[in-house]
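Student: I would like to learn how to read a model like this one, feature by feature. Could we go through it together?

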Amino acid sequence: MSALHPELQGALAQLLQGLNSADNDLRSKYEDSLANEWQAQKPDALLMGLVEHAHAAQDEKMRSSAAVIFRRVASKARKDPTTGENKELFLTLSNDAKVPIRTGLLQCLASEQISHVRNKIGDAIAEIARQYTDNGETWPELLSALFQSSQSPDPAVREVAFRIFATTPGIIERQHENVVQKVFGEAFRDSSVNVKLAGIEAFACFFNSVTKKAQSKYYSLVPEVLNVLPPLKESNDQENLSKAFVSLIELAEAAPKMFKPLFPNLRQFTISVVQDKEMDDQVRQNALELMATFAEFAPNMCKKDASFASDMVTQCLSLMTDIGADDEDAAEWNSQEDIDAEESDLNHVAGEQCMDRLANKLGGEVLLPVTFTWLPRMMHSASWRDRHAALMAISAISEGCRDLMLSELDKVLELVIPALKDPHPRVRFAGCNALGQMSTDFAGDMQAKYHQVVLSNIIPVLESPEPRVQAHAAAALVNFCEEAEKSILEPYLDPLLSHLLVLLNSPKRYVQEQALSTIATIADSAETAFAKYYDALMPQLLTLLRGQQDKEYRLLRAKAMECATLIALAVGKEKMGQQARELVETLATIQTGITDSDDPQAQYLLHCWGRMCRVLGTDFAPYLDGVMHPLLQLASAKADIQLLEDSDDLPDQEDGWELVPLKGKVIGIKTQTLEDKNTAIELITIYAQILEAHFAKYVEEIMDKVALPGLAFFFHDPVRVSSAKLIPALLASYKKQFGDRSEQLARLWAVTVEKEIEILVAEPAIETLAEMYQCFYESVEVIGKGCLSVDHMNKFIESTKSTLKEYEDRVRQREADKADAAVDGEDEDDSMSMQYAIEDDQTLLSDMNKAFHTIFKNMGPQFLPPWERLMDFYDRFINSNDPTQRQWAICIMDDVFEFCGPQSFQYSNHIVQPFINGLQDTNAANRQAATYGVGMAAQKGGNDWAEFVAGCLELLFAVTRMPNSRSDDEVFATENACASIAKILHFNSSKVPNPNAVVDPWLDTLPIVNDEEAAPYAYSFVAQLIDQNHEAVRNKAQQVFHAICLALEAETIQGQTAQKVASSAKVLATTSGVDANQILSSLSPEGQATVQSFFA
């Protein structure tokens, strides 16, 4: 019996018929009725009626449609009539309405006989279950009903139960672990393959929904999960075997080590699938992906399996030979016009990508030996496919195996270079690929040591008869040249450019495009040396830009723009002369002609304008109006977002969309829009920085519509980062135009500072939060002294307290994870994720410290009362076992000394012992921070600190005498200790028993040749001692003069300080018989010239 009035029931039946009509106009009419009449005015009747139709309609299509529409409607947003909150529609119904709907859904599930309809009903049930779970409520009858369904004699019913579990694993009650294990175990042993697979998928989803601690309780199910696989292979059920691998990949990502006891067996089985060439490519690639997942998430476990690396490399190389079927001479390959065609689903690409991942995770020590047992043989094989695979393998592993391969580059090049003359074009192509990749992965060494062998062999490949090989040789040159010094490239510019100019006349447009890109890169690296070729190239480029307007030439013209503007940047505006204006006007003409949204010239133009601004400097200002309009449109763009029922609903499956699951639906975000927005903001930053006051007229609009909203643009991290970098540039532009105390700057700052402080609490990403702190302190630095009110400083401290609490929570969680791993007998976390998280936190603390430094610098003692509220954190951090935390605390106190002077003494109870400990810290960076702070206490702290700093002298000397005190890691602590001793002796020696006696050993702590901040204090004190004719200096005149020369050579003292010290040094040399020539001869030729310039 229906719960609805017959009239409503009939109207709903008519609605369903209309919604399924083939007539678009009719269907549109009923969709309006669904939204505006039923959904808006009688949602309870709508949902109840849909359930009844899903249960009782005679036509299976109507039952299925009713279930689908129910799911969609139930998840629509609606205001709760009781609370006024926006909720999902079903949750806004009264309990009296919800109960019969829930009951009806379960009855539908139990009675439906048609499998695909039952699945749609299951999806509807899963949606309601998800809503209850997300809202912290329960559906008491559901779990029992699903467990009953999982025991049904009908395998299709059992399957749908697990489908629902997979969609909403949150409904499974964690406290009933034994029951859960039993149900899943029965699924894995089920007679139906579909039930087994639904069970594995549900188990993977459930497993990911529980805590790491709880996950271990289900490890015992792994053997039964794995037992599902062999029968699928034996029965050649490749589709379901492929699905099973996908679920196992999900489990391997979540807890790879639960497979540890059976890993050799799983590896052996999976490899047998990969190597079975009778199987479909997809199942072989999924099997390979499973093993690659283990390498990424549990590399140590894979390293300990003696056969893992060998088996994987062998299979990857085998897959990589699966290329060019039915195209033995590569005629078809070479004739392709679309050289960027998608190939990610091909076996050879899967093999290459897996080799890359293995190298990055297992490292060279594991991967190189097994790889190079194959490569020499393959390079000498009669099969071109073997030779091609060997070269692509070198490309794939060079990044991950960099450290070991660096020492063997000669031998690697001996394998690669001959391939450039191989008779087969695809092998020559692969040889170019390997050289290009190596030029990037071994940047510096490849260019400095092997430029002759690389360039003399790859330049002739530009003459290959095959256009694709020509283009790839030119592309490899991009990689080599962008990392090459000007001095290395200069001797090769003639042959490089003569060959590339020939390619500009190729009949293949993609060859022309690549030649332009390569010329542009060479110009960028060669800089002023490129001026020699300017007169031959620029007229050609301008002619090209003014020439062909057809659509197919757009990318070529875009590349020509890029090339012309990079050449302009290399040679400068003086060399360009009148052509600089011609180029800018040509670009403006092109910009006005762009009408299509997919025109690649628009993207290239953005960067071209930025380069021309750098070339012309303030002379670019007259062109700014034409440039800014399209740029502001992109920078102001809103996120293009679509709410979809599932990923298949995306229009035309366009590229450039990111799909994010959310509450049973999918959010589609058009990433291209976000990337364009980010690029535009980055370019606006360049204009503001270069044009300064000339950019001021745009500042207010950009700050209001782009920069400040961009800080909270949570759809795209890079937009928030680029907005954070833009704001200080905008403030600086306004300051330059109106003055640092102007009303205009004050108004802009008042709005900006509030938003900057607000975002310090709201920013969710640790890495991006560090950028927000940088934005804040750079902005404060621009505005200057007294720019923060007491309210600003209090809000800043509150936001920082919140950040520090969250940081401490993350540290505790990492420690707990490590402790759990130790208890379980597992290795320490062998993924990079923890290390990345630690590095992100270190960066965050560093940028937070810079913010404290800048506030103290500009607000002085006014900042002390708000700052004191962080003292608990300071005390915990400075006594922490974590050197990062100790450094954070010491550096803050350094700022208190430096900018609050004598008022710092009120915190002496928090400072004295921690700084004494800091001077003896095992971490060199912390010793440096502590030595700097003691020097600041001496210089700025006043008489109250005299006893403390005098007592630190012995410890400071100890820092300079530590083993390896001049090594890269230790030298800054050593030089800061030297400078701090000088500060104590010069500024605050009243409690030093015999200051003159300290001078002699102090001179032995010189020179300072690295730290440009420490050196001026030390050497100014040396000059003072020389001027005083101090006995210790006279006795060590040769040594002191040498120390001064070393500082002048290293340029750690400059300007007036260097002149004064050099003047005193001349006096010392004259009065003390110093052999200046002997000392100068020990310096480098460049150093001698530098030092002699001061003594001339």
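Tutor: Gladly. Helices (H or I, at least four residues) and strands (E, at least two) are DSSP runs, numbered from the N terminus. This is a predicted model, so local features need pLDDT of at least 70 and side-chain atom pairs count only at pLDDT 80 or more, while totals for chains, interfaces and linings use all residues. Residues are numbered from 1 along each chain as its sequence is written, and side-chain values use heavy atoms, with hydrogens and water left out.

Student: Where is Asp326 found, and what is its phi near?

Tutor: Most residues other than glycine have a negative phi, and most peptide bonds are trans. Asp326 has a positive phi, near 60°, and sits in the loop between helix H18 (308-320) and helix H19 (331-335). A cis peptide bond, with omega about 10°, joins Leu1006 and Pro1007. Pro1007 belongs to the loop between helix H52 (995-1003) and helix H53 (1015-1027).

Student: What volume does the largest pocket have, and which residues are closest to its centre?

Tutor: Rolling a probe the size of a water molecule over the atoms shows where empty space is left. On a 1 Å grid over the protein atoms alone, using a 1.4 Å probe, a pocket is an open set of points with protein on both sides within 12 Å along at least five of seven lines; lining residues have an atom within 4 Å of a point. Points are joined across faces, edges and corners, and the volume is the space filled by probe spheres set on them. Here the largest pocket has a volume of about 1,100 Å³. Of its 38 lining residues, Ile339, Asp340, Phe429, Asn433 and His472 are closest to the centre. Helix H26 (425-441) is one of the helices that each supply at least two lining residues, and H26 gives the most, with seven.

Student: How do helix H50 and helix H51 pack?

Tutor: Axes are lines fitted to C-alpha atoms, for helices over the stretch in contact, and angles run from 0 to 180 degrees between N-to-C directions. Angles under 35 degrees count as roughly parallel, over 145 as roughly antiparallel, 65 to 115 as roughly perpendicular and the rest as oblique. The axes of H50 (residues 953-960) and H51 (residues 971-987) are 8 Å apart, at an angle of about 150°. H50 and H51 are therefore roughly antiparallel.

Student: What about H32 and H34?

Tutor: The axes of H32 (residues 531-546) and H34 (residues 578-592) come within 10 Å and cross at roughly 20°, which makes H32 roughly parallel to H34.
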